[in-house]
Amino acid sequence: MNSNQRRTVTHYDPFFVAPPSPPPLSETAATQHGVTGASREAIGREMAIMRDLNGGFAKPPVPLPQLRAPQLAHDHAQRVAALDEKICERGVAIDRTKLLSLGKMRFAQLLAAERETRSERVIGTRCDLTSFASVLFALSQAGVLTHMAVPAPSMSEQLAGVDAQLEAARKIESFADLWKLSNSEPRAVRAIYAFRDIFESLVFGQSLFTWIESDDHVYNNLFARGSSAEKVRLFEAWLSALKGAHYRVNILNSLQAIVFWLAGENSVPPEPHDLARDCFAVRLPSQQQITFAAALFEGWLLAHKDWALWQHVGRVTRTLPDKALLERGRLKLRKRFRSIDVFHEQLAAQFYKRTGDHSEFEPVRHRTFFATMLARLRSCVSQIAALATEENSPANRAPVVARFRDQLLCVGKPKPQLSERIAAALSGTFPRSAFKIEIE
Amino acid sequence: MKTLVVIRALQIGECHFKHGEELPPHALPREAIELHIERKHLVEYDASERRSLHRLLHRFSDCSQAERLSSAELAAYALT
């Protein structure tokens, strides 16, 4: 090749336009950018691992079962809200003098009950009967806790994981659980309960006294919104201190009628007396037997079984229930009201969660759903009864001054056939239901 | 605050007190209380150990002193 030959270089335009190069980053910004990217990636990896460990991708929430719904008017919620507001504004008229004299009489009863309780060997002078911790300590000093009615879990049960119901049945957390010690010290437990009942009532009465306004009325949210708390029971003890004529509308079988209606059971809910006759096979059951049978029936309607049923009945009767008798009674109820039993089974079947190759029952979710549903329906019953009472009263009268879950407190005198009218309104909302209304 | 508890049968005026019962506050002057404590008729407990029923339910016991119920008790049994 000739060294003088000239070399030529040809430049071709590229086919693709090169992307514009990003503006050059400063050293600090570049480091920050890199760290953020790496961190985001690490978080993503971590989340993916956690998702895989928890059973793959997020599952959609299992829908809750749909139960029968009451037939309510389209403006029902507004009417109830307006009525509740009116009830709060009306207040309950209390006679201050009557309340005070009743309170003084009860205080004397409290001192007598205390004297009775302190005559028990296990209650010392240092024991404060108003404090659960003090009472439990006094009982434990006497060795009562070593003779619990509920058996301790065996070694094999502990290894297999103790039954949650059994564990709950062994717990003594408040005065409401003190009946579990009545196999060792039945008299002391009865005496403590007698004292507690009066004490709690007096605490409520004292607070009622402080809430009386200058117009002799008590205005409180407890008297509206279908309150179901223990306080309603405490308020009942002070009804004789009300000012003027009052009457009560009691919904006697709210829970029973709702469960029967939900389950499509066509028969009428049985009376506690009949249940006791059936349960104990006697012609004339005692009051304790009637209370036991009613508690058993209520516990069964609430879908309690085994230790949970034992606990429910024990809390109501404040005695140690015979577990074999409970089981026998439950089986009888299952046979007698087959549709309710099927309803309970079908409802429980909705609360099984797929776990690996099997399904597991979710008792907490089931209990929460059922209790919430029943509370909502019972509140609805109270609302319908209150609206019916208001509608069946003269225009210038405002009778309902308190609306609780299972009863209404009204001023004046009841109109004739009021209970039939309330029952008719309830039948319209809960078709083919069998609510029992009592005016007293 | 102290709670006075009778630890022997005691008669004050027309009132009879049995073992373990609470003596109402102001039922006796302080000197008499001291005397009864010395004679082992009475014992004093701190309110944190045993509360006075007369002070807790002062509206109905006509006691001039008052003792507050716990917030848990008020929430459970009183109008709130």
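The model described is a predicted one. A residue counts as buried if 20 or more other C-beta atoms lie within 10 Å of its own, and L222(A) is therefore buried, with 20 such neighbours. Leaving aside residues up to four places away in sequence, L222(A) touches S227(A) and K231(A) as well as L79(B) of the other chain.

The contact between the two chains draws 25 residues from chain A and 22 residues from chain B. On the side of chain A that touches chain B, the elements giving two or more residues are α3 (96–118), α7 (186–210) and α8 (230–236) of chain A. By class, this side of chain A holds 10 nonpolar, six polar and nine charged residues.

The secondary structure of chain B consists of four helices and five strands. Their order from the N terminus is β-β-β-β-α-β-α-α-α. Along the principal axes, the C-alpha atoms of chain B occupy a box of roughly 45 × 25 × 20 Å. Chain B has 80 residues, of which 30% count as buried. Among the contacts in chain B with a separation of 6 or more, 51% join residues 24 or more positions apart.

Chain A is divided by the domain assignment into domain 1 (64–93 + 220–267 + 339–440), domain 2 (95–211) and domain 3 (269–336). A distance of 23 Å separates the C-alpha centres of domain 1 and domain 3 of chain A. To the contact between them, domain 1 of chain A contributes 10 residues and domain 3 of chain A five residues. The elements with two or more residues on the domain 1 side of this contact are α9 (254–263) and α14 (338–349) of chain A. Of the elements on that side, α9(A) gives the most, with five residues. The side of domain 1 of chain A that touches domain 3 of chain A comprises six nonpolar, three polar and one charged residues.

Helix α9(A) is mostly covered, nine of its 10 residues being buried. Among the buried residues of α9(A) are I258(A), V259(A), F260(A), W261(A) and L262(A). The packing partners of the buried residues of α9(A) are β3, α11 (287–301), α14 and α15 (363–391) of chain A. After α9(A) comes G264(A), which has a positive phi near 70°.

Strand β3(A) also takes part in an open sheet of four strands, whose order is β6-β7-β3-β8 (chain A) and whose pairing is antiparallel. The edges of the sheet are formed by β6 (400–403) and β8 (437–439) of chain A, each of which pairs on one side only. On average, and with direction ignored, neighbouring strands of the sheet are turned by 15° against each other. Strand β3 (residues 246–251) of chain A is joined to β8(A) by three bridges, and the two run antiparallel. Within this pair, I251(A) stands opposite I437(A) in β8(A). Helix α16 (residues 418–429) of chain A packs on the sheet and touches β3 and β8 of chain A, its direction making about 155° with that of β8(A).

A further antiparallel pair is made by strand β4 (residues 352–355) and strand β5 (residues 358–361) of chain A, with four bridges. In this pair, K353(A) stands opposite E360(A) in β5(A). The two strands form a hairpin with two residues between them, and G356(A) in the turn has a positive phi of about 65°.

In soluble globular proteins, nonpolar side chains tend to be buried together. The largest nonpolar core of the model has 96 residues, and those with the most contacts inside it are L296(A), V381(A), A385(A) and V401(A). Helix α7(A) supplies the largest share of this core, 10 residues. Apart from residues up to four places away in sequence, L296(A) touches C279(A), V313(A), L326(A) and G329(A). A second, separate core has six residues, including V5(B), V6(B), F17(B) and L23(B).

Technical notes:
Residues are numbered from 1 along each chain as its sequence is written. Chains are lettered from A and ligands numbered from 1 in the order in which they are written. Two residues are in contact if their C-beta atoms, placed from the backbone, lie within 7 Å. Ala, Val, Leu, Ile, Met, Phe, Trp, Tyr, Cys and Pro count as nonpolar, Asp, Glu, Lys and Arg as charged, and the others, Gly among them, as polar. A nonpolar core is a set of buried Ala, Val, Leu, Ile, Met, Phe, Trp, Tyr and Cys residues joined through C-beta atoms within 7 Å. A residue is buried if 20 or more other C-beta atoms lie within 10 Å of its own, exposed if 12 or fewer, and partly exposed in between; C-beta atoms are placed from the backbone. Two strands pair if DSSP finds at least two bridges between them. Axes are lines fitted to C-alpha atoms, for helices over the stretch in contact, and angles run from 0 to 180 degrees between N-to-C directions. Domain bounds come from an automatic or database domain assignment.
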